[in-house]
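Visitor: Could you take me through one part of this protein up close, and then show me how the side chains and helices around the chain are paired?

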Amino acid sequence: MLCVLGCIWCTTEIVAQTVPSSQNRIDREAADIYFAQAKTVLKKRDTDTALPLIHKADSLYQKLVLPEEIIETKLLEYRCFNFLKPISEWSTPLYQALSFEKELEKPSMTKVKLYAALSTNASLNNQSTVAYYYGSKALSLLQGEHLTKDPEYQAFYMSILYRMGKTEEFQYNYKKAENFYRQSLEKARKHKLPFYLSYGGLFKTYTLTNQHQKVTKMIEEFETKKYAQSQPSFFVYDFYSYHIDYLIKNSLYDKAIKQSLTLKKLRDTDKFKSHFSEWFLSERIADIHNLQGNHQEAINELLSTKALQESLEIRNTERAALLIKLAKYYLDLNDYKNAQYYSEEALTVNTKIQRDTTIFHMPLDLDNIEKAHKNILLDNLLFKAQLAEAFYTKTKDNTYLKTKKQSYTTAHELIKLMGGISDEDAFLDETQFKNVYGNLMQLYQQEWQTNKEQKTFDSALELRLQSQYVTILNELKDAQQHKDIDSIPFIKNSRTTYEGYNKLYYFWGQEAIYVLHENDTIQHFDKIPLTTELEIAIDKVSSDVREINTPIHKESHQLIYKTLFEKYIRPDTKTAILLDDKLHLIPISSLWIEEENKYLLAKTSIVHITTTRDQEETSTSNQALLMAPFATRQGVFNNRLSKSADEIKAIGQYGNHKTYLDQQASKTSFLNNVTTASIIHLATHATTNTEEPVLSKIQFYEEEAIDPTRTSLTLSEIYDLKLNADLVTLSACETGIGKEIKGKGIQSMANAFTHAGAASTVMSLWKVPDTETTAIMTGFYTHLYKGIPKDEALRLAKQDYLDAHTEYPALQHPYYWSGFVISGDPTPIHQKEQSWKKWGLILGGIFLLLFISKKLLFQRFQ
């Protein structure tokens, strides 16, 4: 009996184990089938069929707890998203896959694929640090010995090297990019893999860095091996384009023409007809002719292109651009009649409003330009102003000067209009900006020299402030809150906010720097020639203050101070200043005054003017939000800020505050608390992008399995905040990628916070060392909570630092203290008495009154 029961028990156990195993096998087979079917249909880009299959496979793989298969499915979903979703959403399946990556104990190609996809996706989203991080992780796995036998090993290795080269190229690290491209090309050739991407990347790097011998060698190889016939057409076109750009850059125009004609001949072959546009190539050849001074040849090329465009019914946008180019070339030949004709014809084509090409002084009505390409229209107006100047020089007819001013003024109105729309054709480039506002400033300055009227000064000042604001709108098409610029009382706001200040407004033009200066007793409107010597000095000072081991170049400091500031600085008056272009890169308080043997810091406090919206009351909550995401630990992509905890602790001794350190200092915590905070202090990495300020960002606590977009705050997101803050401080800003040429990054960050509702901002122009940052920030808040105005509090904190290091001259270098700048409203912070203090005072007053009354009554009755 016991034996029979034992057999029954064993049989039951076996069946219990077999059923799940059998079901698992069925589920696995089904999942594999779904996965294979999804791959097949995705090759045909049938995402509607593929995505449900992917989701079925993923669900089963997760049920079976198969991390490698889950990741492969997520990678397939990522490919689907490439066709279906906006680029900002592509990363979702990748970071879902990353949560399973740690379960793969051994190196595998699945891991490599995941890291490669994360790197590529980050690169597409302009996240260079993230792209490099995951690219390096993929390379690290590939450099081991575990994966060398995988059939995809060599292809992925080559691809990752190429992608790393691209990442370095985007950051202008051309030497590193060259090294990665070369390795990628060598691997491609060794293993007979497609090499054109690596070859093109390497060649482009050589052209950008002017490595003439290497460029020549690759051109010879390209021609000898007839790559134009054997490689993809887009690669051939890019290769020739890089070479033509290189030849033009080095003024080798004859060779550039020859190479362009070679490319044009290729266009006639069956292979290239669908890829290249003949009229586009002809325009490029015309441009080269014009650069050579062969204006008639350029015109002839364009006329043939014009005929071709008309026969092909090319869009009005391209036709208008070509007509403007024709007008410019005719002006170069001093053929004013044809220049006028094609300029007016371009307006007709672009606006679809018929214009009489013989009437030059006809104004443009901006109320009827809905269908026009705005950027080309702006270019048209700028050319018309240039042509009016040429007509005036020839005829001395003042009517042309009026048309010149009218054209620039209309261009300014058009720019304001462009700032309020999100169309892709409504972006303003820097050349156009300088052209419009530089010329208008020059015209106003000439008027001022003649009449010295307040109206002229105010018109120029309004123009300067509006020009600053339209750059903000232009940078942030998606984030802006649309508002009519003309409804913002810029001058009133500026004069009210900085009442009693010595105000300086600079504009960096094409050939001069314009200065508008006013205080309670005087006004200046000056034009200062932008000499090569002055520009070199500005470059040197802006570079030297950032280099700890570079001595102060006193001659350059003196030249800048005497040329741009000495006339306007008032030692007994605080200074409010609006800088422009490269001047943003100089911390003005660090300018050395040789004859007085001191920095400008000792003479005056300086606050940077921001072009804000209508002034609003800020929060009186007295609640400070203090955050340090990297206080005690290093992030995934960012280093630890070892003194940031001390900085937060020192600041936290004043008033009410909420403090968040390390993992508590998340983006979510910031967004949940920022709208009610009166003071916001972020001791974290803030990277400013000087080439594209919109890519600047502030970093919060990060984890590897979290998409970096969810751990950083971009400039666009800052603009969309609803703040009520008296002060925002970023104590660890640092310049990011890009050539340091205009100083846009930090100023854009300050503008964004001001636009979002912050009364003032304190930021650093570079990453100041932790110890010095803590000292200066502690001093700043110490003075601030004594009721001292913000600009003066920052000046005193810097002066305290210098006074504390008189015995250590090396530590008095501007690198350590001058990087912090304040922008916006300089008035003292609003302090709200703590309730217990307030009631304590009230009750104390009541008891005092009772005591006095009792004493008086006692004396009376005595």
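Guide: Gladly, and let's start with Leu414, which is buried, with a relative accessible area of 0%; here buried means under 20% relative accessible area, exposed over 50% and partly exposed in between, with a 1.4 Å probe and protein chains only. Before going on, please keep in mind that this is a predicted model, where local features need pLDDT of at least 70 and side-chain atom pairs count only at pLDDT 80 or more, while totals for chains, interfaces and linings use all residues. Residues are numbered from 1 along each chain as its sequence is written, and side-chain values use heavy atoms, leaving out hydrogens and water.

Leu414 sits in helix 20; helices (H or I, at least four residues) and strands (E, at least two) are DSSP runs, numbered from the N terminus. Setting aside neighbours within four places in sequence, Leu414 is in contact with Leu366, Ile369, Lys374, Leu377, Leu378 and Leu381, where contact means heavy atoms within 4.5 Å. Take Leu377 from that list: Leu377 and Leu414 are 37 residues apart in sequence, and their C-alpha atoms are 8.7 Å apart in space.

The side chains of Lys405 and Glu447 meet in one, at 2.5 Å from N to O. Lys405 lies in helix 20 (residues 398–418) and Glu447 in helix 21 (residues 430–451), so this pair ties together parts that are 42 residues apart in sequence. Lys405 counts as partly exposed at 25% relative accessibility, and Glu447 is partly exposed too, at 26%.

By this rule the count comes to 41 salt bridges. Another of them joins Arg28 to Glu69 at 3.2 Å, N to O. Arg28 belongs to helix 1 (residues 2–43) and Glu69 to helix 3 (residues 67–84), so the pair ties together parts that are 41 residues apart in sequence. Arg28 is partly exposed at 30%, as is Glu69 at 22%.

Lys574 lies in the loop between helix 25 (554–565) and strand 4 (575–578), and Asp791 in helix 31 (residues 790–804), so the pair ties together parts that are 217 residues apart in sequence. Lys574 is partly exposed at 26%, whereas Asp791 is buried at 1%. Elsewhere, salt bridges with shared partners join Lys434, Arg464, Asp580 and Asp581 into one network.

Helix 25 brings us to a helix pair. The axes of helix 24 (residues 532–544) and helix 25 come within 9 Å and cross at roughly 120°; axes are lines fitted to C-alpha atoms, for helices over the stretch in contact, with angles from 0 to 180 degrees between N-to-C directions. That makes helix 24 oblique to helix 25, since angles under 35 degrees count as roughly parallel, over 145 as roughly antiparallel, 65 to 115 as roughly perpendicular and the rest as oblique. On the helix 24 side, the residues that meet helix 25 include Leu534, Ala537 and Val541, and their counterparts in helix 25 include Leu559, Ile560 and Leu564.

Stepping back, the protein has 33 helices and 17 strands, and 53% of its 862 residues count as buried.

Definitions and conventions
Salt bridge = Lys/Arg side-chain N within 4 Å of Asp/Glu carboxyl O.
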